[in-house]
Amino acid sequence: MPSPKTVASKSRNVVAPASSPSRLPPTPVLLQQPSHKKGQWKSTKLFRRVKSVFRSFPVINPPCKMPVPNRLHEGHIHGGKQMTGTLFGFRKARVNLAIQENPRGVPLLVLELSIQTGKLLQDMGSGLVRIALECEKNHSEKLKLIDEPIWTMYCNGRKVGYAVKRGPTEEDVKVMQNLHAVSMGAGVLPTESSEGELTYMRAFFERTIGSKDSETYYMMNPNGTSGPELSIFFVRI
């Protein structure tokens, strides 16, 4: 047993740890406002009503084997504007599509699609996927095409449900902030949700405007390499 003198000698050599400063939470990345939509992201009663109705629809898992109707564009027209597109969502939940001017921008468009995230990414891994979004003209309202609130959705020619536009939620903005340094890629993001990790896929899209009633977004593979093919058509009829 050590003598009291030895214990006292050891106790004098103990150095109290310096108090560590409290760690500040990381500063969130500030996303850039779209060049022509600054300050215009306000929820409307119409969007909330449409979204509440949309959530009552069942999630549909289509085989996606039918061709897109011939009235849609068949060829890929080069020379459009380059945009950033992100597909994200929990694997067994509806997938979201966000379109940005660049990876650091506030989304110009956020759509909730009526197909599961895991199902869509699986189909993309096995071949060409074409999504057609159609809406009817409302002559009493003059909306820009991407401002239409609800769309009938087709996947490779088969009707699969509806897509609904919404303003970016707090959760959407967090996803875009976490991916601000990613220009192209796929992976998962950790979340505190009971649904687990959030799956995402981001790529550049070529936006081609056919008219005030038609736009097309073609996913671009880096340096012309082969990879998943995705085309998204917006048509107002």
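Me: How many helices and strands does the protein chain have, and what makes a stretch count as one?
Reply: The protein chain has 4 helices and 10 strands. Helices are DSSP runs of H or I with at least four residues, and strands are runs of E with at least two, both numbered from the N terminus. In order, the elements read α-α-β-β-β-α-β-β-β-α-β-β-β-β. This is a predicted model, in which local features need pLDDT of at least 70 and side-chain atom pairs count only at pLDDT 80 or more, while totals for chains, interfaces and linings use all residues. Residues are numbered from 1 along each chain as its sequence is written, and side-chain values use heavy atoms, with hydrogens and water left out.

Me: Why is strand β3 described as largely enclosed by the rest of the structure?
Reply: In strand β3 (residues 109-116), 8 of the 8 residues are buried, so the strand is largely enclosed by the rest of the structure.

Me: What makes β2 and β3 a pair?
Reply: Two strands pair if DSSP finds at least two bridges between them. β2 and β3 are joined by 5 bridges in the antiparallel sense, and R94 stands opposite Q116 in β3. β3 also pairs with strand β6 (residues 158-166) in the antiparallel sense, over 4 bridges; there, K165 of β6 is the bridge partner of L111.

Me: How do you know that the side chains of E112 and R166 make a polar contact?
Reply: The distance for this pair of side chains is 3.1 Å. A polar contact is a pair of N or O atoms within 3.5 Å; within protein, one must be able to donate a hydrogen and the other to accept it, and residues adjacent in sequence count only if both atoms are side-chain atoms. The side chains of E112 and R166 are accordingly listed as making a polar contact.

Me: Which residues of α4 are buried, and what do they pack against?
Reply: D172, V175, M176 and Q177 are the buried residues of α4. The buried residues of α4 pack against β1, β2, β3, β6, β7 and β8 (198-211), where contact means heavy atoms within 4.5 Å.

Me: What is the volume of the largest pocket, and what makes a space a pocket?
Reply: The largest pocket holds about 700 Å³ of space. On a 1 Å grid over the protein atoms alone, a pocket is an open set of points where a 1.4 Å probe fits, with protein on both sides within 12 Å along at least five of seven lines; lining residues have an atom within 4 Å of a point. The volume is the space filled by probe spheres set on the points, which are joined across faces, edges and corners. Of the 24 lining residues, F90, E171, V175, T191 and L198 are the closest to the centre. α4 gives the most to the lining, with 6 residues.

How values were computed. Buried means under 20% relative accessible area, exposed over 50%, partly exposed in between (1.4 Å probe, protein chains only).
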